[in-house]
Amino acid sequence: MPDPDWNHNVHHHPAVLAAVPDGCGAALDAGCGDGLLARKLAARAASVTGVDRSPEMIRLARAHAHVPGNVTYLEADYLADDSLPEGAYDFVSAVAVVHHAPFEEAVTRLARLTAPGGRLVIVGLAANRTLLDWLISACGVPASLLLARRHGGKRGPAGMPMEDVHLSWAEIRQALNRLLPGCRFRRTLLWRYVVVWDRPREGGP
């Protein structure tokens, strides 16, 4: 079934889904927005919690005509809400979320929500600071235009919270390597990075 909306975040959903471990039990989508990714995760995990602090986004998520029975939407702040137990989720995803909060605080909290032996996937944005940054970003323009045309234009749910990103590509990579030792970092053509981190079964953040 085609996605109801297409944008640069939705474009990266396949990368998130491909990272879900086989036999995944509990999954968490932090900053779930209108719940699209959480509904997709329902086919890969025994249970899925989509959490967002925006009442409007949670209203849209719950109002969807086909919410799988193993998906729960929760209006809460993943950074601080005690209803999200740390170390309880075999898979945690956060798409275009961490730049809405202090970066290190956000990444550390997501890591702690991930169960020992579980996996965390972050799709994020970064700011161009160097000539190389701008050159790489320029290469994404033709691909973005082509994909947007193929999907009938770039769009997303009305009312989606927006926030500017302030950390550079280099700053984000350095912070992630420190906060998530052993993580795999990839910069994509459509102005995003994808980081995959497996929490050690013993120790870790």
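Buried means under 20% relative accessible area, exposed over 50%, and partly exposed in between (1.4 Å probe, protein chains only). The model is predicted, with local features needing pLDDT of at least 70 and side-chain atom pairs pLDDT 80 or more, while totals for chains, interfaces and linings use all residues. Residues are numbered from 1 along each chain as its sequence is written, and side-chain values use heavy atoms, without hydrogens and water.

**View 1. Salt bridge between Glu86 and Arg109.** A salt bridge is a side-chain nitrogen of Lys or Arg within 4 Å of a carboxyl oxygen of Asp or Glu. Here the closest N and O atoms are 2.8 Å apart. Arg109 belongs to helix α5 (residues 103-113) and Glu86 to the loop between β3 (71-75) and β4 (89-95), 23 residues apart; helices (H or I, at least four residues) and strands (E, at least two) are DSSP runs, numbered from the N terminus. Glu86 is partly exposed at 47% relative accessibility, whereas Arg109 is buried at 9%.

**View 2. Salt bridge between Arg119 and Asp198.** The N to O distance is 2.6 Å. Arg119 lies in strand β5 (residues 114-124) and Asp198 in strand β7 (residues 193-198), so the pair ties together parts 79 residues apart in sequence. Asp198 is partly exposed, at 33% relative accessible area. Arg184 is linked with Arg119 and Asp198 in a network of salt bridges.

**View 3. Salt bridge between Asp133 and Arg187.** N and O are 3.3 Å apart. The pair joins helix α6 to strand β6 (residues 184-187), so parts 54 residues apart in sequence are tied together. Asp133 is buried at 9% relative accessibility, and Arg187 is partly exposed at 23%.
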